[in-house]
Amino acid sequence: MKMKVKRVAVICAVILIVALGKSVYAQQGLTKIADNVYSYVDVKNAEPGNSFAANAGIIIGTDGILVVDTLVSAKEAQRFLTDIRKVSSKPIKYVVNTHYHLDHAYGNGVFAKEGGILIGSTADRKNLEQKGTATLKRAGEYGLSEEEMRGTEIVLPSVTFTDRMTVYLGNETVELMYVAPSHTEGSVLVYLPERKILFAGDILFTDFHPYMGEGDLAGWLTALDYILGLDVATIVPGHGPISAKKDVEKMKAYLKLFDRKARDLAAQSCDADYIAAELRKSLPRRSQGEFLIPVNVSEKYLPVKAR
Ligand SMILES: [Zn+2]
């Protein structure tokens with residue numbers, strides 16, 4: 001009997017630890033990756049309302065904060081801002097959009113209201129301007145409810161660049177770099193050379209199937225090679241856990257394999273589900289984003305009439 005009580009106590013303790021572990025994980029907020037540099041990678045469940053598990057981050061300089069990406073909605077941006085305020089009360093000075101996709105840029109309005117100057121590539125500002133409002137109206141098609149999107153507005157970057165831009169954030173120097181058309185036409189990198197930290201946006205997906213629908217494969221591989229040439233130790237991907245150069249190599253291999261197989265299969269069939277099923281047999285396992293495999297096939301590899 002005593003043994004039984006002990007065993008029940010142990011089981012209860014284990015359940016409690018697991019439950020606590022889960023709740024701590026879900027409420028983790030910002031993750032410190034260096035002094036004054038935080039990533040926001042706590043959402044593991046890739047639900048639309050959770051910004052499809054998109055990552056973001058902040059760099060805190062002596063005179064203000066630079067925010068990297070703003071998540072999918074006003075609600076998500078507000079959650080991010082609330083967590084930022086737990087680690088710093090400094091003003092939001094700059095907001096960089098790594099690219100124009102909804103899960104990275106639709107929270108812009110919340111940070112613009114805080115006084116942040118929005119910065120993005122010239123190409124993806126144009127894309128946000130041309131497509132943002134229509135995509136926001138169709139948010140339901142992406143699985144986003146009216147409740148989740150309430151108060152969300154498209155706010156365009158007020159400052160753009162085509163090649164390089166340096167932001168001097170007091171004691172922190174932040175390099176914004178455009179390499180080539182890649183995940184989107186205007187995807188950019190946010191680099192802290194002194195700290196060897198890179199925010200890669202969706203140029204890098206780690207343990208998460210990438211969205212390739214608008215991808216320029218040749219440019220994307222060029223951008224990944226560019227990252228491999230940087231002096232960098234810590235990489236925050238657009239989706240997935242904190243990464244390193246080995247994950248960039250894996251991303252290169254994934255894109256090449258997907259492209260080669262998808263081309264072969266699309267020459268034989270126009271059935272996106274069939275092609276996706278065949279691709280799953282050879283693609284490396286990634287724990288999230290599998291729903292993107294057939295999307296990539298139909299948007300990138302099938303003729304328009306077959307989609
Ligand atoms: Zn994206």
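**Entry 1: the zinc site**

I looked up the spacing of the zinc donors along the chain and found H-x1-H-x81-H-x18-D. Donors here are N, O and S atoms within 2.8 Å of the metal (3.2 Å for Na, K and Ca), and water is not among the atoms, so sites may look incomplete. This is a predicted model: local features need pLDDT of at least 70, side-chain atom pairs count only at pLDDT 80 or more, and totals for chains, interfaces and linings use all residues. Residues are numbered from 1 along each chain as its sequence is written, and side-chain values use heavy atoms, with hydrogens and water left out.

Which residues supply the protein donors of the zinc ion? I found His99 (NE2), His101 (ND1), His183 (NE2) and Asp202 (OD), lying 2.1 to 2.3 Å from the zinc ion. The 4 donor atoms subtend angles of 87 to 174° around the zinc ion, which makes the arrangement irregular. Four donors count as tetrahedral if all angles lie between 85 and 135 degrees; four count as square planar and six as octahedral if opposite donors are over 155 degrees apart and all others between 65 and 115; anything else is irregular.

Are histidine 99 and histidine 101 buried or exposed? I noted both as buried. Buried means under 20% relative accessible area, exposed over 50%, and partly exposed in between (1.4 Å probe, protein chains only).

**Entry 2: the sheet**

I then traced an open sheet of 5 strands in the order β8-β9-β10-β11-β12, with mixed pairing. Its edge strands are β8 and β12 (234–239), each pairing on one side only. The twist averages 25° from one strand to the next. Helices (H or I, at least four residues) and strands (E, at least two) are DSSP runs, numbered from the N terminus. Two strands pair if DSSP finds at least two bridges between them.

I checked β8 (residues 164–169) against β9 (residues 172–178): 6 bridges join them, and they run antiparallel. Valine 167 stands opposite valine 174 in β9. The two strands form a hairpin with 2 residues between them, and glycine 170 in the turn has a positive phi of about 65°. On β8, Met165, Val167 and Leu169 make the covered face, while Arg164, Thr166 and Tyr168 make the uncovered one.

Next came β10 (residues 188–192) and β11 (residues 197–205), which pair in the antiparallel sense over 3 bridges. Valine 190 stands opposite phenylalanine 199 in β11. I found that β11 and β12 run parallel, joined by 5 bridges. In β11, 9 of the 9 residues are buried, so the strand is largely enclosed by the rest of the structure.

**Entry 3: tyrosine 226**

I located tyrosine 226 in helix α7 (residues 217–229). Tyrosine 226 is partly exposed, with a relative accessible area of 26%. I listed its contacts (heavy atoms within 4.5 Å). Not counting residues up to four places away in sequence, tyrosine 226 touches Arg164, Met177, Val179 and Leu189. The C-alpha atoms of tyrosine 226 and valine 179 are separated by 7.5 Å, though the residues are 47 apart along the chain.

**Entry 4: helix α2**

Last, I looked at the 12 residues of α2 (residues 74–85). At 1.5 Å a residue they should span 16 Å, and the end C-alpha atoms are 16 Å apart, which agrees. The expected span is 1.5 Å times one less than the number of residues. Buried residues of α2 include Phe80, Leu81 and Ile84. The buried residues pack against β2 (37–40), β3 (56–60), β4 (65–68), β5 (92–96) and α4 (108–113).

Key. Axes are lines fitted to C-alpha atoms, for helices over the stretch in contact, and angles run from 0 to 180 degrees between N-to-C directions.
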